[in-house]
Structure formats: C-alpha cells, structure tokens
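Please look over the structure first, then read on.

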Amino acid sequence: MLPTLLATAAEGGSDGTSLLDVELSAVILLTTAAGVAILSRRIRVPFTVSLVIVGLVFAFTPSFVDLNVSPEFILGLLVPPLIFEATLNLPWPKLKADLGIVLAMAIGGTMLGTFIVAGIVRPVVDIPWLAAIAFGALISATDPVAVVAFFKTLGVEKRLNVLVEGESLFNDAVAIVVFSLAVGAAADGTSLSLGPAIGEFLLVGLGGLAVGIVLGYVVSAIVLAKVDDHLIETAVTLALAYGSYLVAESFGTIFNVGEFHFSGILAVVAAGLMVGHVGLKNTSPTTRLTLENFWEFLAFLVNSFVFLLLGIEIDLTEIGVELGAVAVAIGSILISRLLIVHSFAAVYSRLRPERAIPVSWRHVSWWGGLRGAISLALALSFGTAFDPEVIATIQIMTFGVVLFTLLGQGTTIAALIRKLGLAGKDANITEQQRRQATLHSKQAGRDELRRLERDGLVFPEMADALVAHYTADIDKASGGLARYVQRHPELELSILLQTRRSALAAEKRSLLDLSRRGVVDVQVAEHLAVELDQRSIALELLEERWESEPSIDVGSDPEGGFQS
Amino acid sequence: MTEILYVSWGGSGRGTAVRAAVERARDEDASLGFLAVLDESFGDMEEALADVVADELGWLVSAQLRMVTAALNAENVRTRVLVRRGPLLEIVPATVKESTVDLVLLGAPVPLDGAAIERLEDATGVPVEVIGPEQAEA
C-alpha cells in the first residue's frame, strides 16, 4: 500500500496533476500550519481546531490546494505515525494499571456505542440496518489530539490523560473492524451474524497485536539494544511504524496464506507500546532525545495535514441541506457516549474502589470524545456496499459530527475542565512564574547597572544609589517568592526540578564551549554531555512519577504480613 | 524518640507532607530519615539509567529537605536520605529493621487502606501513621 501511495504522490494527484502541484500544495499546507500554530497560541483556540477552520476556508478555493485525499492516504500514510507517536509516549505502567477500563471502554464501549447510535439513527434517517451499524462504528472512533493538548496546558492529572488516550488508541481499531464487518456483510448481501463476527473480530484484533508485539520486540530488543547510532535507530522506528501496519494489513498476501488480514492499527499500537516500554530503555540518552524530538515533529507535521485536510474535505453546504440527519447523528453520539462513559466508569469504580474514576473525569471523558481522521477516512471508504444516496447521507452525517465535536466540544472542553476544578494547579503555577520572572528581571536590571558603571557610562555614586534600589526590590521579590512557595508546598518540587534542569543545561553548554575552544578534547566533552543528558532523562522520569497520583499494588496476602 | 522514617509517595500533597514530617521530627526531638523508593511504577529501567535516577532522586530530596528545614527553622533536625529500589511494601520493613526507627510516617495521599496500614505496622513492628494534607483534614 505504501509504495503505491508514494508512487501516486510522485506522479501527482489521481486526476493527472503534476508532482510540482502536489509539492506546492504540501508547501502551502505546511506554511499554513506554521502560521496557524503561531496564531492559535495567541487566541487560545486548540491548534487542531484552528486548522479545521482554516481548512474550511480552503474548501471554498478548490484549486488552491491540490491533493487527492483517499481513505488509503489517511489510514495508510497519516494514521500510523500518529498512533505510533501517541503509544510511544503512553507510559505502560500507568496504562497497565487501568487497562481493564481502557479495554472495556475501547471494545465493549465501542461495540455498544455502535448499536446505540445505529438504533437512534436508523429509524429517523431511514437507512438500512447494516449502513446504520457501519455509521455507528465509524463514528465511535474518538480522536483525543485536541483534548490531550488541553490536558497538558492545563496541568490535568496524567491518569486522566492515559485513560482518554488509551481508550482512543484501541477503539480506533475496534471501530475499523466492526465497520469492515458491516460493510463486508452488505457487499456480500448477507446479514451480520454475531458468532462469526466475534470470531473474525478476535482473529483480526489479536493477529494485529501479535504482529505489532513481534516486530516491536525485534526492533526494541535487537536493533535498539545493539545498535548505538541515533540516526539509524530513529530510522528503524519510522520503518517499524509503517512496517507493522503494512505487515498486519497485508499479512495474507505477504506470507501467501490467503486473503485475510489483521488490524494494522492494533499492530502499530502494540509496536509503539513495545518500543516505548522496552526499546527506549535500551537506547542511549542521545538516541532517546533524538527519538522524542523526531516523533514530536512528525506528529506535528501529520496532525497539521490531517486537520487541514479534514476542513478541506467537509462541505458546509451539504451539511446545511441534511441538517436534520446531522442533528440526529450528533444527538445519538452524545447520548451513547454519555451512557457508556458513566455506566462503565461507575461499574469499574465499584469493582476497583482504589482506582475509582471521579465523576468530574467522566464528564470530561464524555465531552472530550471528539471525532476526527479515522471517522472521516472510514466514511470515504464505503465503496459500492450501499446505495449512493445512503453513502452520501452517512458521509454528510459524519462530516457534521466531526465538525460539531471539533468546533463545539473542542473549543469548550477547556472551560469544562476549569469549571470542574481539574486545572487547579494552573493559577498557582502562573503566579509562581510571575514572581520568578519579576525576580529575574530585577536582577538583570541590577547587573546592567554594574556593567554601565564598569564601562564608565555611569559614575559610581549614581550606580550605587540605583543598585541599592534594585537590591531592595530583589530582596522583596525573593522573600515574596519564598513565602509564596511556603504557602504552596506543592510547587516546591516543580521549582526544584526546573532549577535542576536549567543547571544541567548550563553545565552542558559550558562543556560544549570548552570543546569548541579546544580546551578539552571533543570526545571528553561528548562523554560528559551524554552523562548530563542521562540526568535530564532521569528528571523527566521523576517528574512523570510525581505528577501521577500515588498507586501501589498491595497484593493479596492472606497471612496478613509483608515480606521483610 | 530516636528516628522517624518518612516514606515518600509522590502526588500533589508531597510538599505539605514533607513539611509536616519535619515539624514532627522537630517537635519529637528525633532525627528524620527520608525514604525515597524507586518502585515498580518506574518500570524496568536499564541498570545504568536506574542508577542515575536514584542519584537525581537523592539530590532532589536532599535539596528539598534543606529548603524545608531552613524554612521551618528546624536546622537542628538531623536528616538523612535513603534511596532504595524495589517494591515499596518490602523496602519499608527492611529499612526499619536495619536502623533504629521507632515511627514510620507515610506521606499523604496514601494509596493504602486501614487494613493495609495495619499489616505494614505488623511487618515493621513500629507504629505507622499517615501524615500530610489528608491527615490534617481528618
């Protein structure tokens, strides 16, 4: 699939556009994304939502951006790196601690949601059952990019982040499998029978996970452990992200064992988790930093394309014509997610009180269930399974739901998080930073006065008088900061971490400076710099641990004693 | 009292809990051992990285203790930092047995119920209390 996609890109669009046109479109999209990124920080609208809005504007100038957006392009080229990057950064110990609810929501919740949505939409919009089920499946895949960005900005607890992101990673795969089963049954003229469907679901899902685990393990335990070259190791992870998807999706063809395939998305999820949990621990600090930077950049790049293309693909006039159907679809997804999130979380909290999910988190998980690229890609891949009018209606409903969730829910989720008191750290951190910045600027002012005195630009008596003023201000600011931190002890360690990080960065700069000046050998400086990188990574691990709520496996000890 | 062993759990209440532990040691005229544990929540780290994490953890905790004792005028409280690796519920009794600890303080919030704390008391042979924001509220 990938070679075909690349060949298509190399030849230009499917409508005969030249490579230069495709390249120009890519440049326009990239430049736009950079501009939107700068602007979205100022106006405090999520980056992805801003991209969709700009994409909607682009849609009115069809020849402006000339790219052929096919389902294969989205699923085969854009989705694997996004999934891989998300899983790479998903802490396995935290995911494992809540794996029960994550999988229950992703598998049970997605299936239940599929049928709730189908049950609401089918009688009102008047489409066949299988079409309604296909719509229910494709619209159940959540896209947490915009929400997760807010979690980071607002300082929401890491566990909620893991719950939302974990569910999304697995439910994408479930949605795709259920969608394929419904569309396949419609194309064959058969009905969707539960037994075979569950069997195929298990085969496709478990097969995908197995492919990802095997390939991820090979890369983690062999390549990342034995090769010590950050460029090669990074290239191999990129190959793994696409390779695991391709091998799973083309398993039958590659191994000449028939037509069947496994879930490519689940293969990427498993491969990413394997590298994140096993592979990264086998790499040098330099490789780890390179990998983090590379995947952060690639996710930015791909997200920019995905959300701009989402905006470009959505036709506002069509949504206007089918407003009734779109409204029903929006209502159905809100109702089904409300029921699923609250009921599943309530049962889980009762079963595992020590891992209870607060009601406020359930509200965020409900309203934060945005839809995005996977839903759009699936809506574009119906083929000829249904009547063209039915497919058109489903596509318009999908576009409407995606647009509503991104523009409606995506722009209000931050307010909900604040209202529920889940961004409590925010105000204190801002105040702490304001006090630090004041202290820093006063000290810079005093240093400048001394420099002017040394340069003979200010006579000593005047410099002394001004410096005395500054020193009084600095003492006041310094005392104020100390008292503020004493009143808010939770800030203490974050300041310590920040300070330690700055000190390590200064140490590294001084080493590189010594090396540049030829005072110490390059290899000596690099060796010491690697040690400092390792310390920076240690700080990251500690910060991640401290940000999460304490949890511990008490175990079941019938004798009532601990090993000592 | 000879020595209080404070066990760190992380979480948003840790700053308050550390302060409360230092105040308790000052009031009881005891020395304070700060036990920081690299438990299973850190995952399986490469040996070299685990050493560096332990080193940084010790560095940060020592700095925090210096800050807190100075802020509370408790410089006379003798402190020591112990960084250990392994399951926390095994490390705590082992640490108590190898020293002269006569009180264990668990920094709130603590993810253990009353029964688990009682079992920890049995295993250590010394009183175990929760200290920090939650304990203060209670």
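In this predicted model, helix H1 (residues 14-28) of chain B lies across E1, strand E2 (31-38), E4 and E5 of chain B. H1(B) runs at about 175° to E1(B). Helix H2 (residues 47-71) of chain B lies across E2 and E3 of chain B.

| Helix of chain B | Strand of chain B | Angle |
|---|---|---|
| H1 (residues 14-28) | E1 | about 175° |
| H2 (residues 47-71) | E3 | about 155° |

Axes are lines fitted to C-alpha atoms, for helices over the stretch in contact, and angles run from 0 to 180 degrees between N-to-C directions. Contact means heavy atoms within 4.5 Å. Helices (H or I, at least four residues) and strands (E, at least two) are DSSP runs, numbered from the N terminus.

The strands of chain B form an open sheet of five, in the order E3-E2-E1-E4-E5, with parallel pairing. Strands pair if DSSP finds at least two bridges between them. Strand E3 (79-85) and strand E5 (128-131) of chain B are the edges, each pairing on one side only. From one strand to the next, the twist averages 25°. Strands E1 (residues 3-7) and E4 (residues 101-107) of chain B run parallel, joined by five bridges. B:Val7 has B:Leu106 as its bridge partner in E4(B).

Residues are numbered from 1 along each chain as its sequence is written, and chains are lettered from A, ligands numbered from 1, in the order in which they are written. Local features need pLDDT of at least 70, side-chain atom pairs count only at pLDDT 80 or more, totals for chains, interfaces and linings use all residues, and side-chain values use heavy atoms, leaving out hydrogens and water.
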